[in-house]
Structures are given as structure tokens and as C-alpha cells.
Amino acid sequence: CAVVDGRNGLGAVTSELAMNTAIKLAKEHGVSIVVCHSSNHYGAAGYWAKMALDEGYIAMSFTNTSPFAVPTGARGVRAVRTNPFCFFAPAANGDNFQLDMATTVVPVGKIEVMHRINKPVPSGWGVDRNGENCTDPEEICKMGGLYPLGGGEETAGYKGYGLGVFVEIMSSVLSGAAVGPDVQSWSVTRNGSINYGHCFIVIDPKRYSPGFEERMGDYLGKMRNLHGNVMVAGDPEKKFEKDAEDNGVLLHESVATTMKSLASRFSVAVPPEFKALDAS
């Protein structure tokens, strides 16, 4: 095990050091847990898990961030973030299982996209300032918050709330970072360093019963071959990645316009497809 002090540096820099340390320790001991404190936003949880996956290891990646979810039973009080639960595992012939999910019904980014394109969000994604179900993305972003995974109490949202707290414990209580309601908002007006916490777990499956990757591949194959259209975690993203490679990345016009405006502001060239957009 190890503890990394991020020293208020970039979350990506802290996380790269931490995951490389976790991989090194797993090579020596079979299992490793490395936690970080005094860090910042570390980006996509799956990026760090894939570092270990690419070397044949089982990997987990967790982080806390600034509160945006309203716990089950609370009324318009943000106390937990979208705290991702990320678990990757290798299988035979280059196959793998890649679970990277928010412990809220949706990540914040989906609410922000709906706000940009001026559309209501589906019922059950978030709450207003009074803790009531809400479909207005602006109200959810500015005054309300997200439901935990599962939604309200009547649909077992307390399970998602529990998972979010689990991630908070592993990332921040264990490391000594800021925790839950004490984490500052992610804004330029915050008072001092934000002190996010991360946790990385790496397991070498070869230290256990032989043939893990073959059994894993067999299991994934059986799930995909169930009657209907069954996929396993990571399959939709792999299909989307292949489509993006073949056909390019699909952007909403409002998002592309914002990107063009930022490019103009910082004197960055834009793709020809952006030329007709009005970014004035």
C-alpha cells in the first residue's frame, strides 16, 4: 500500500504516479491499494484502470469530487458527488470487462449537455432546490442536484447513495482528503485548495487459480449469447469508439459552436466542418 500527497497539483499527474505505483506494488505483492489526498480532478476513472488492464491486471479506480448529488432523504442538500465506481478485468484473446459508472443516475455532464441544447431532462435524473423531482436542467445544475443511482427512495436510490459513500470512504476517508459535504465547490471562487482524494486498487489474477482470463472470456461470452441483445460493461463504448474512428465524432451544434468560440479566443485552428457555425 502507499499514500500519495498530490500537493494541490494536477489530478492527472498525481493519478499517473499513484497508478504506476499501484502496478509496481501489485507486481511485487499480487495486490496493491494506493490512495491520494490533496489532489484535483483526475479526469476519467477508466483511463487509470486501463493502465493496469493493459498489463493484464484487474484494476479499480475511485475518486471523490465536489458534492452534486442529494442523498436519499435530504431536501435540496448536496452532500455526495457522482463518485465513479470503476472496475476493469482482462479476458482471453484481448477481450475485457470495463465498468466505469457514476453512482448517481447520470453524470453531471449529461445534465449540462441538456442545458446547452435547451431540452428538459428525463424525469428521475435530478431534483430541484426543494428536493423534488425536476426536469429543468438549469434548476438541477444551479440550485438542485442529482439523484443517487436508483433515483428516489421508493425506487431504492439509497443503494446508489450507499455506493457513493463507499467511494467517498475509499478515496477520502482512507487517504485523509476532504470528505462529503466538506468538499468545496469546483469553482474559481473556492477558498484555497480543493483536496480531492483518489483510490487505486490493482490485483494480479495470475496469483490466484490458473486460467482466470480464459474463465473470464467464457463468462463474458455466455452473457453476450443470452437470448436477446445482451452486452457486458464496455461493449457499448467499444462500438461507439469504432464508429467514431470510421465516421468521426458527433457533436451537438451548440457544443461545436462553443468549441469554435473557444478556439477563436485562444487562436486555435478549427476543422473545416466548423467553418459555417456562427460563434459570434
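Biologist: Which residues line the largest cavity, and what makes them lining residues?

Modeller: They are Ala69, Val70, Pro71, Val80, Arg81, Thr103, Thr104, Pro148, Gly160, Tyr161 and Gly164. Each is counted because it has an atom within 4 Å of a cavity point. This is a predicted model: local features need pLDDT of at least 70 and side-chain atom pairs pLDDT 80 or more, while totals for chains, interfaces and linings use all residues. Residues are numbered from 1 along each chain as its sequence is written, and side-chain values use heavy atoms, without hydrogens and water.

Biologist: Why is this space called a cavity, and how much space lies in it?

Modeller: A cavity is a set of points, on a 1 Å grid over the protein atoms alone, where a 1.4 Å probe fits but cannot get out. About 50 Å³ lies in the largest cavity, the volume being the space filled by probe spheres set on points joined across faces, edges and corners. The search of the whole structure finds 1 cavity of 30 Å³ or more.

Biologist: What makes the other spaces pockets?

Modeller: A pocket is an open set with protein on both sides within 12 Å along at least five of seven lines. The largest pocket holds about 1,300 Å³. Of its 44 lining residues, Ala44, Pro84, Asp100, Ala102 and Pro107 are the closest to its centre. The elements giving two or more residues to that lining are α2 (45-53), β5, α3 (108-116) and α7 (235-247). The second largest pocket holds about 370 Å³, and α3 gives the most to its lining, with 4 residues.

Biologist: How do you know which strands stand at the sheet edges?

Modeller: Strands are DSSP runs of E, at least two residues, and helices are runs of H or I, at least four, numbered from the N terminus. Two strands pair if DSSP finds at least two bridges between them. The open, mixed sheet has 6 strands in the order β1-β2-β9-β3-β4-β5. β1 (2-5) and β5 (96-101) each have a single partner strand, so one side of each lacks a neighbour in the sheet.

Biologist: Why are β3 and β9 called paired?

Modeller: β3 (residues 58-63) and β9 (residues 196-203) share 6 bridges in the antiparallel sense; two would do, so they count as a pair. Phe62 stands opposite Cys199 in β9.

Biologist: What makes you say that helix α1 packs on the sheet?

Modeller: Contact means heavy atoms within 4.5 Å. Helix α1 (residues 11-29) touches β1, β2 (31-39), β3 and β9, and its direction makes about 160 degrees with that of β2. Angles run from 0 to 180 degrees between N-to-C directions of axes fitted to C-alpha atoms, for helices over the stretch in contact.
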